[in-house]
Amino acid sequence: MNNPTLSQQAIENNVNTDFIKGDVVVLSDLNLLSVTELLTLQDFDGEFWTTDHSIGRVSEKVIRTATTAELHAKRRLSAAEQALAEVP
C-alpha cells in the first residue's frame, strides 16, 4: 500500500497554504468576531478554510496555529495570558 502522508497529499494536490486539514488554529486578532474558541480546519477551497465552528469559513490571513498553552486551555489566550504561559 502506498498511502501518502498529509504533507505529500498537499503537495500532490498543489495546495498553496500554510495549514493542513485537521490543524487546530485560533483567530490572530482577539477582537475579530470575539471568537476565543479553538477552530479545527476541515477543507480548503483555494481561498478559505471551512472550520468546525459556527463562523464557518475563514481566510488563512486571519488565523494562526494554536500554541501548546492554548491547546491545554482549550481556548485562545490573550496576549497577557500567553506571556504568563511562556514563563517556566
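Is arginine 64 buried, exposed or partly exposed? I looked this up before anything else. Arginine 64 is partly exposed, at 25% relative accessible area. My cut-offs: buried is under 20% relative accessible area, exposed is over 50%, and partly exposed lies in between, with a 1.4 Å probe and protein chains only.

**Ground rules**

I am working on a predicted model, where local features need pLDDT of at least 70, side-chain atom pairs count only at pLDDT 80 or more, and totals for chains, interfaces and linings use all residues. Residues are numbered from 1 along each chain as its sequence is written, and side-chain values use heavy atoms, with hydrogens and water left out.

**Entry: the sheet**

I traced the strands next. Helices (H or I, at least four residues) and strands (E, at least two) are DSSP runs, numbered from the N terminus. I found an open sheet of 5 strands, in the order S4-S3-S2-S1-S5, with antiparallel pairing. Two strands pair if DSSP finds at least two bridges between them. S4 and S5 (63-65) are the edge strands, and each pairs on one side only. From one strand to the next, the twist averages 50°. For that angle, axes are lines fitted to C-alpha atoms (for helices, over the stretch in contact), and angles run from 0 to 180 degrees between N-to-C directions.

I then checked how S5 is held. S1 and S5 pair in the antiparallel sense over 3 bridges. Arginine 64 in S5 is the bridge partner of valine 26.

**Entry: salt bridges**

How many salt bridges does the structure hold? I count 4. The rule is a side-chain nitrogen of Lys or Arg within 4 Å of a carboxyl oxygen of Asp or Glu.

I started with arginine 64 again. It forms a salt bridge with glutamate 70, with the closest N and O atoms 2.8 Å apart. Glutamate 70 is buried, at 0% relative accessible area.

Next came lysine 21 and aspartate 43. Their closest N and O atoms are 3.9 Å apart. Lysine 21 is exposed at 54% relative accessibility. Aspartate 43 is partly exposed at 43%.

I also noted arginine 57 with aspartate 45. Here the closest N and O atoms are 2.6 Å apart. Arginine 57 is in strand S4 (residues 57-59) and aspartate 45 in the loop between S2 and strand S3 (48-51), so the pair links distant parts of the chain, 12 residues apart. Arginine 57 is partly exposed at 48% relative accessible area. Aspartate 45 is partly exposed at 48% relative accessibility.

**Entry: glycine 22**

Which residues does glycine 22 touch, not counting residues up to four places away in sequence? I found Thr40 and Leu41. Contact here means heavy atoms within 4.5 Å. Glycine 22 lies in the loop between H1 and S1. Glycine 22 and leucine 41 are 19 residues apart in sequence, yet 5.1 Å apart in space, C-alpha to C-alpha. Glycine 22 is partly exposed, at 42% relative accessibility.

**Entry: aromatic rings**

I looked for ring pairs last. Rings of Phe, Tyr and Trp (its six-membered ring) pair if their centres lie within 6.5 Å; planes under 30 degrees apart are stacked, over 60 edge-to-face, the rest tilted. I get 1 aromatic pair. Phenylalanine 44 and tryptophan 49 have ring centres 4.9 Å apart and planes at 35°, so I logged the pair as tilted. Tryptophan 49 is buried at 3% relative accessibility, whereas phenylalanine 44 is partly exposed at 24%.
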